[in-house]
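The sequence and structure are shown first.

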Amino acid sequence: MLTGLTAVGATDAQAASGLLALSVGMGVLTIWLAASTRIPVTIAWSTPGAALLASAGAVEGGWPAAVGAFAVCGLLLAVAGLWRPLGQLIGMIPAPLANAMLAGVLLSVCLAPVRFAADSPLAAAPILVTWAVLLRLARRWAIPGAIVAAAVVVAVDPSGRDSGVSLLPLPVWTTPVFEPGVLLGLALPLFIVTMASQNVTGMTVLATYGYRPSLPPVLAATGATTVAAAPLGGHGLNLAAISAALTAGPDGGRDPARRWIAATANGATMIVLGLCAGLIAAFAAAAPPLLIEAVAGLALLGALGGALASAAASEAHRDAAVVTLVVSASGVAPLGVSAPFWGLLAGLALLAAQHRRAA
């Protein structure tokens, strides 16, 4: 996310401000939605949106024009909440295909520990050993232990760069500028990838675990919060997909009716982390390449296993589920829309060709 913001013109301080605004915004919004609905609704920033920013590069009008695009994207997200058929369409997606898409989303992240171990074996060894030992002795503490080990690795060998950002939480205001070309070239694609790759995926993940929140209020809330966060550097808030698999799945609690508590804990943690935005930006800059992704990959191995098992459970849907998984994990992004959306379309198309009635 920091890379995406700096790519469209943000300074390190402005990017850290964006991290602060997004983290606090998603934390407050997650707590409110989860507590009011008693469903583990989890909000995240737009990861494919950040990837889009990284590939877009500098825009005409600079950082203020990019901020204007963020605000317009938030407005479009709020308006999309008025389109109720979207939620009904998501509810019709077969569960095996939904799980296959989730598995495709998770697979690339879960490969990061392997890449990190091959790239930096000395740095990876204490993290992986700590995780493996705690997984055997105290499973719930395996990932926190890996995070602590990662922090020690960075403290011992800060092989990244010095960001020069203040460690205090300092919001930096930027007055939005609305450039027509930037709105068409950045705001509209940002809205499309956020809807297709995050909100559709997020609703599908929740449905996979049996949760079906009303989509219009969620879209309206995320859109309004995005508009408010834009002048501080926030590029987009939406339903979580990967972290939703943690809070809505078995790791969120044995009782599905109480997993909303895991979502509120996630929200509270994001507020605390947001207040440490400067420190996190400095830590991320100092960390060896792939370290942060590697720890995230370890955390999501359980969710990947569950998604794979569910995707392959139905023989009638298995071929379509495999196609969905393969395309979702491919990383292709035609028209700027990320692979999970195309994976789901490919799986549904094959299912329609094989089983018209089931489709």
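## Accessibility and the setting of Arg38

A residue is called buried when its relative accessible area is under 20%, exposed when it is over 50%, and partly exposed in between. The model discussed here is predicted. Arg38 has a relative accessible area of 46% and is therefore partly exposed.

Arg38 belongs to the loop that joins α2 (12–37) to β1 (43–45). The backbone of Arg38 has a phi near 55°, which is a positive value in a residue other than glycine. Most residues other than glycine have a negative phi.

## Nonpolar cores

In soluble globular proteins, nonpolar side chains tend to be buried together. In this model the largest nonpolar core comprises 65 residues, and those with the most contacts inside it are Leu5, Ile43, Trp63, Phe70 and Leu239. Beyond four places in sequence, the contacts of Leu239 include Val41, Thr42, Ile43 and Ala44. Gln198, Asn199, Gly202, Met203, Leu206, Leu215 and Val218 are also in contact with Leu239.

## Packing of α8 and α9

Helix α8 (residues 121–137) and helix α9 (residues 142–156) have axes that come within 8 Å and cross at roughly 160°. Angles over 145 degrees count as roughly antiparallel, so this description applies to α8 and α9. The crossing of α8 past α9 is right-handed.

On the α8 side, the contact is formed by Ala123, Pro126, Ile127, Thr130, Trp131, Leu134 and Leu135. The α9 side contributes Ala142, Ile143, Gly145, Ala146, Ala149, Ala150 and Val153. Of the residues in this contact, 12 are nonpolar, 2 are polar and none is charged.

## Packing of α7 and α15

The axes of helix α7 (residues 112–119) and helix α15 (residues 291–299) come within 7 Å, crossing at roughly 135°. This angle makes α7 oblique to α15. The crossing is left-handed.

Ala112, Pro113, Arg115 and Phe116 of α7 make the contact with Leu291, Glu293, Ala294, Gly297 and Leu298 of α15. By class, 6 of these residues are nonpolar, 1 is polar and 2 are charged.

Helix α6 (residues 95–110) packs with α18 at an angle of about 150°, and the two axes are 10 Å apart. The passage of α6 across α18 is right-handed. Leu97, Met101 and Val105 of α6 meet Pro340, Leu344, Gly347, Leu348 and Leu351 of α18. This contact has 7 nonpolar residues, 1 polar residue and no charged residues.

Thr201, in helix α10 (residues 180–208), touches Met101, Val105 and Pro340 as well as Ala196 and Ala241, not counting residues up to four places away in sequence. Thr201 is buried, because its relative accessible area is 1%.

Ala346 lies in helix α18 (residues 339–354) and counts as partly exposed at 25% relative accessibility. With neighbours within four places in sequence left aside, Ala346 is in contact with Val323 and Val327. Ala346 and Gly49 are 297 residues apart in sequence, and their C-alpha atoms are 22 Å apart in space.

Technical notes:
Residues are numbered from 1 along each chain as its sequence is written. This is a predicted model: local features need pLDDT of at least 70, side-chain atom pairs count only at pLDDT 80 or more; totals for chains, interfaces and linings use all residues. Side-chain values use heavy atoms; hydrogens and water are left out. Axes are lines fitted to C-alpha atoms, for helices over the stretch in contact, and angles run from 0 to 180 degrees between N-to-C directions. Helices (H or I, at least four residues) and strands (E, at least two) are DSSP runs, numbered from the N terminus. Angles under 35 degrees count as roughly parallel, over 145 as roughly antiparallel, 65 to 115 as roughly perpendicular and the rest as oblique. A crossing is left-handed if the near helix is turned anticlockwise from the far one by less than a right angle, and right-handed if clockwise. Contact means heavy atoms within 4.5 Å. Ala, Val, Leu, Ile, Met, Phe, Trp, Tyr, Cys and Pro count as nonpolar, Asp, Glu, Lys and Arg as charged, and the others, Gly among them, as polar. A nonpolar core is a set of buried Ala, Val, Leu, Ile, Met, Phe, Trp, Tyr and Cys residues joined through side-chain atoms within 4.5 Å. Buried means under 20% relative accessible area, exposed over 50%, partly exposed in between (1.4 Å probe, protein chains only).
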